[in-house]
Amino acid sequence: MRQEWEPEDLIKVWTLLEDDQERLRNKSGANRLGFALLLKFFEVEARFPEDAGEIPVPAVSYVAQQAKVAAEEWAAYDWSGRAIKRHRMEIRGAFGFRECTEEDQAQLAEWLAVELCGVELNRDRLAEAVVARCRKDRLEPPAPGQIARLVGKAVSTFEERFCAATAGRLSAATPVSAGRPDRRGRRRG
């Protein structure tokens, strides 16, 4: 996510709407601000930030004013406790998303291997395709490291299948030799 925001863009993207304010009603302090920031970030990115540094500083200040919490409270938000787990679950529910399971990841890898790897082997673009597919299917995308492994698995699967299909097309009469060619281009055994 970009870190520089013009005031009109902050207002357009990071303003807490009436429904957002309603969701904040039973939260206070760092949890109130943390929830509000995660909510707006998820609305924009369809994923949660990996750490506090992903949230733009101007957005923290702007959302803190609306939530009526000091911006400094953001530093006290617990990134590993029960509250953030509840917050994520509530936010996913608000947007109609669900967590991406291991089964979902296996299906995504198979989809990449079958549908995309034949025309695209750039791993960054394949990772982008996974994120786009997750958004479309209303799945919270896996963490970047998980996406990289998923893409690697898909590429390996595609390559194995491609090699097997190619080898299967070779006729039995086609000699396969492990030796290097001689001066005339013939393979030596």
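**Entry 1: getting my bearings**

I began by reminding myself that this is a predicted model. Counting with that definition, I found eight helices and two strands in the protein chain. I then read along the sequence and wrote down the pattern α-α-α-α-α-β-α-α-β-α. Next I looked up burial, and 37% of the 189 residues of the protein chain count as buried. I also checked how far contacts reach along the sequence. Among those between residues at least 6 apart, 66% join residues at least 24 apart.

**Entry 2: the largest nonpolar core**

Which residues touch the most other members of the largest nonpolar core? I noted Trp14, Leu33, Leu37, Ile55, Val63, Trp74 and Ile91, out of 29 residues in that core. Helices α1 (7-14), α3, α4 (57-67) and α5 (82-95) each supply at least two of its residues. The most comes from α3, which gives eight residues.

Setting aside neighbours within four places in sequence, I listed its contacts as Trp14, Ile55, Ala59, Val60, Val63 and Trp74. Apart from this core I found another one, of 18 residues, including Leu112, Leu126, Val130 and Cys134.

**Entry 3: alanine 36**

I moved to alanine 36, which sits in helix α3 (residues 29-45). Is alanine 36 buried or exposed? Its relative accessible area is 0%, and buried means under 20%, so alanine 36 is buried. Beyond its neighbours within four places in sequence, alanine 36 is in contact with Leu16, Leu24 and Val63. I followed up leucine 24: it lies 12 residues from alanine 36 along the chain, and their C-alpha atoms are 7.1 Å apart.

**Entry 4: where α7 meets α8**

My last stop was the pair formed by helix α7 (residues 123-136) and helix α8 (residues 144-169). They pack at an angle of about 110°, and their axes are 10 Å apart. Angles of 65 to 115 degrees count as roughly perpendicular, so that is how α7 and α8 stand to each other. Their crossing is right-handed.

Which residues make the contact? From α7 I wrote down Arg123, Leu126, Ala127, Val130 and Val131.

Definitions and conventions. Residues numbered from 1 in each chain as written. Predicted model: local features only at pLDDT ≥ 70, side-chain atom pairs only at ≥ 80, totals over all residues. Heavy atoms only, no water. Axes fitted to C-alpha atoms, helices over the stretch in contact; angles between N-to-C directions. Helix = DSSP H or I, 4+ residues; strand = E, 2+ residues; numbered from the N terminus. Parallel < 35°, antiparallel > 145°, perpendicular 65-115°, else oblique. Left-handed = near helix turned anticlockwise from the far one by under 90°. Contact = heavy atoms within 4.5 Å. Buried < 20%, exposed > 50% of the residue type's maximum accessible area, 1.4 Å probe, protein only. Core = buried A, V, L, I, M, F, W, Y, C linked by side-chain atoms within 4.5 Å.
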